Amino acid sequence: MPQGRIRNFSIIAHIDHGKSTLADRILELTHAVSQREMRDQVLDTMDLERERGITIKAQAVRVNWKGYQLNLIDTPGHVDFTYEVSRSLQACEGALLVVDAAQGTQAQTLANAYLAIENDLEIVPVVNKIDLPQADPSAAAAELADLIGDTPEHVLRISAKTGEGVEDVLDAIIGRVHAPAGDQVAPARALIFDSSYDQYRGVVAFVRVVDGTFSQREPLRAMAQGTRFEAEELGFFSPTMRSSGSLSAGEVGYVITGLKDVSKLRVGDTLTSERRSATEPLPGYKDVKPMVFAGLFPTDSDDYPELRDALERLKLNDAALFYEPETSQALGFGFRCGFLGLLHMEIVRERLEREFDLDLLVTAPNVAYRVQPPNGEWHEVHTPSDMPAEVEEVEEPYIKASIIVPKEYVGAVMELNNERRGRFDHLEYLSEDRVHLTYELPLAEIVLDYYDQLKSRTRGYASFDYDVIGFRPGKLVRVDILVGGEPVDALSLVLHRDSAYERGRALVERLREEIPRQMFDVPIQAAIGSRVIARETVKAKRKDVLAKCYGGDISRKRKLLERQKAGKKRMKQVGMVEVPQEAFLAVLNLSGERK
Amino acid sequence: MSGARHLYVHLPFCAHRCGYCDFVTLVGRSEQHGGYVDALLAELRLERELLATEVETVFVGGGTPTFTEPHALARLLSSLPDAEEKTVEANPETVTPGLAALLQEQGVNRVSLGAQSFRPHLLATLERVAQPDTVRRAFYHLRDAGFDNISLDLIYGIPGQTASDLDADLDAALALGPEHLSCYELEAKPGTRFTHAHGAELALQADAMEMYFEVVVERLTGAGYRWYETANFCRAPSLPHGPDLRSQHNLAYWRGRDYLGVGIGAVSTIDGTRWTNTPRLAPYIAALGSGERPPREHEPLPDATRARERLMLGLRLDEPLELVGSSDAVDADALARMERLGLVRVRRSSSVGAHIALTPRGRLLGGGVTAELLA
């Protein structure tokens, strides 16, 4: 296919604004999928995505329309996956920016529109769901046009659900989006924008060919990593895998590499031909740094190897996932994992539990900190218990939060942000009654329950997005929890000095309720360094006897004690204290609650 | 094996079933008492060879043995083997001068009187028929008949029982000067009528009543009683070679001795096997009527299990437990931990092997400590 007849595009939209439905209509209309094969939202291949209504992984599908080859590169629609959106956008020349006619522009829409603009993409604005009774297409179109500096007349108005206006969308892609402009005869170069792993065929790379042509059976090389392999098969999705023998400049498709080691091929790398190599790699992606960390521990310690394998597998098509082994005296062997955000964490956990059948314990999430110990080097810590007791200075990640909300909730949003150490940045009216607010906030203040709070205080009307803007100094302290005088590593927290006392006390109180009484007094303390800031005591049992035991009930009493002993063996030992695993869980969950 | 030296005889009949009771009991049925005693004696004849020629203790328990129709009771008692200690359980309202005389005539030398409480409102909660004075009168009828070894049962931790109620009960019991006292914390056993009616209330009072066990131990040991078993106290002998007033029969259980039990629901442990008779009257009588053994459930007791039981039972006593034979049953790490916590004392000696005993505080926590120690 000559490059002039190729169009590569993405659909970007806020969650639930109809991206997947529009993709389905496009597949139907272009006969990529027959009515019989059509099931809703074909592109979302993972069960999890279907259930949550979110698309996690980008995929590319080729369709034909009026003699043109259109490659639709799917993008995720959640705040945590901005990174993946930007990856997909680099493989495109255009983007459909879809907005719900009833809900209008959302924070996510703004964020993704800016991303598309930064990537020099041609934006085709689309107002969707015009069939809804509460739809206000004109208002939505005006807002959208304003956002991208276009005219409202240029905004397409469609209903992906009924199919109304979808043909116009396809025509607009051909008419407005530029053709790819690679060099057909130059040494071949392709950007790996995503990858997946197949049990039988190894690593499958999703690529956008920029220059030249790749052929089946050709020896290839990943330029940054130096990995060499043979292209076992080349092809595209339509929407199922179709072998094509070759992929040329401008085209989007897959390369089956046969590589069994998932770490050998990184998303963002450039593929070239071994025989006639390119000298310069493509710009690639900047490394994303995980900012939210949590410990993942198998409930059954025998599952540790399975957890390790599963993480390795997930890491293949989730470059943002970070993990390293971690040992906790309370929870055993596990991994400290880094995530882009809370949803990312939640999805990784669910995939581990569902796809790999693992039962996991997840500790309360924390952010990355940069610390400078006295006379020491600056370094990053990912676990509160790794924070040195004495520090010269600590820095924590800050975000710029972008919140769009009806004007009557501005007060509620400001109040929440003030509680969370936020600094007001900017306020503007998007329309007569919708306001766009920006704030700078410590990331630590949003990783726990910020999103839920925001939603509940604005009755679900607020939309939220954020960007990490760097590290800033903070008055942060490490709070340790001691049970029976022994620090419990899994329960250490890094807190702002002003809230340390209150949070420490809440934790200690909760632990007192959760730790069963022992044969001795068990002090539970929260401490900053050697200074105890809160203390409770689990009082020793005064009595624990079987009232009577005669000839008739010896067997029963014996079994009772044997059961008790078995129960004790399942407890976690902190020094002399037996702590049920549930107690740790309850407390770890608590740190997600705030009044 | 030369045979069991301890015999338990179960008489299940009661005038009324108390709400907290989970023993095998039958209400009324006086017309069946005679037939049941026939069956008991038949079972005893069938199993006579399991008993040693010299039986040390006989314990007649219930139910309310003294509620049994007097002729049937007399016939039973007269047919039981002779023993150094022969105990019968009695409920206060059944103890008349006549009954006391009957027991005395039939060679009974120890009576365990189910007093439970001396507070009218607590007796009512327990659904006991007796009044405080009934208990006292019963006690003196027994004394008058010549009994010099009387045990009183007390229950504490009754819903609504205050600390001063407990004091008053202990005062009343001590005033009678019994040779022996058994003090049980009320157990709200799942499925009983009592738990249904009072379970929630008891749970609420649990914290307030936590000290009661300690109070009982302090009061009774303060009054000169020996706390020889978790729930049992006896008068210390006034002379160095005075009588040992511990319940010899129950001591046999706690020392892991073999015993034969006859009657419905009765349990026997002999030669590494434990069996339990059917709790149902009709099949019991029917089987023995035709010369058969009653339906039973058997439980093998391998050495390891017996060792665990010896540990569990032995630690209830105030005498050191020799670890020989039980040492595999003990978790050595836990033993060291319990010793460090001052809950267990270990006496190590190369000649006779280690002995362990619970400290006074260890005995208050005996159940938990034992669970820890089990390997």
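Predicted model: local features only at pLDDT ≥ 70, side-chain atom pairs only at ≥ 80, totals over all residues.
Chain A comprises 13 helices and 34 strands. Of its 595 residues, 47% count as buried. Among the contacts in chain A with a separation of 6 or more, 69% are accounted for by residues 24 or more positions apart.

Within chain A, 6 strands are arranged as an open sheet in the order 2-3-1-4-5-6, with mixed pairing. Strand 2 (60-65) and strand 6 (156-157) of chain A form the edges, each pairing on one side only. Strand 4 (residues 94-100) and strand 5 (residues 122-128) of chain A run in the parallel sense and are joined over 7 bridges. In this pair, A:Val98 lies opposite A:Val126 of strand 5 of chain A. Helix 4 (residues 107-118) of chain A packs on the sheet, where it touches strand 1 (6-13), strand 4 and strand 5 of chain A, and its direction makes about 165° with that of strand 4 of chain A. Helix 6 (residues 166-176) of chain A also packs on the sheet. The strands touched by helix 6 of chain A are strand 1, strand 2, strand 3 (68-73), strand 4, strand 5 and strand 6 of chain A, and the direction of this helix makes about 170° with that of strand 5 of chain A.

In chain B, an open sheet is built from 9 strands in the order 9-10-8-7-6-5-4-1-11, and the pairing is again mixed. Its edge strands are strand 9 (225-229) and strand 11 (260-262) of chain B, each of which pairs on one side only. From one strand to the next, the twist averages 20°. Strand 4 (residues 57-62) and strand 5 (residues 85-90) of chain B pair in the parallel sense over 4 bridges, and B:Thr57 stands opposite B:Glu85 in strand 5 of chain B. Helix 5 (residues 132-144) of chain B lies across strand 6 (110-116) and strand 7 (150-156) of chain B, running at about 170° to strand 6 of chain B.

The contact between the chains draws 34 residues from chain B and 24 residues from chain A. On the chain B side, at least two residues each are supplied by strand 8 (180-185), helix 8 (212-222), helix 9 (248-254), helix 11 (303-314) and helix 14 (366-373) of chain B. Helix 14 of chain B provides the largest share of this side, 6 residues. By class, the side of chain B that touches chain A has 16 nonpolar, 7 polar and 11 charged residues.

Helix 14 of chain B packs against helix 12 (residues 554-570) of chain A at an angle of about 65°, with the axes 8 Å apart. These two helices, helix 12 of chain A and helix 14 of chain B, are therefore roughly perpendicular to each other, and their crossing is right-handed. In this pairing, A:Leu561, A:Gln564, A:Lys565 and A:Lys568 meet B:Gly367, B:Thr370, B:Ala371 and B:Glu372.

Within its own chain, helix 14 of chain B meets helix 12 (residues 332-340) of chain B, the axes coming within 8 Å and crossing at roughly 145°. Here B:Ala334, B:Leu335 and B:Met338 of helix 12 of chain B meet B:Val369, B:Glu372 and B:Leu373 of helix 14 of chain B. The residues of this contact divide into 5 nonpolar, no polar and 1 charged.

Note on methods: Residues numbered from 1 in each chain as written. Chains lettered and ligands numbered in written order. Contact = placed C-beta atoms within 7 Å. Nonpolar A, V, L, I, M, F, W, Y, C, P; charged D, E, K, R; others polar. Axes fitted to C-alpha atoms, helices over the stretch in contact; angles between N-to-C directions. Parallel < 35°, antiparallel > 145°, perpendicular 65-115°, else oblique. Left-handed = near helix turned anticlockwise from the far one by under 90°. Buried ≥ 20, exposed ≤ 12 C-beta atoms within 10 Å, placed from the backbone. Pairing = 2+ DSSP bridges.
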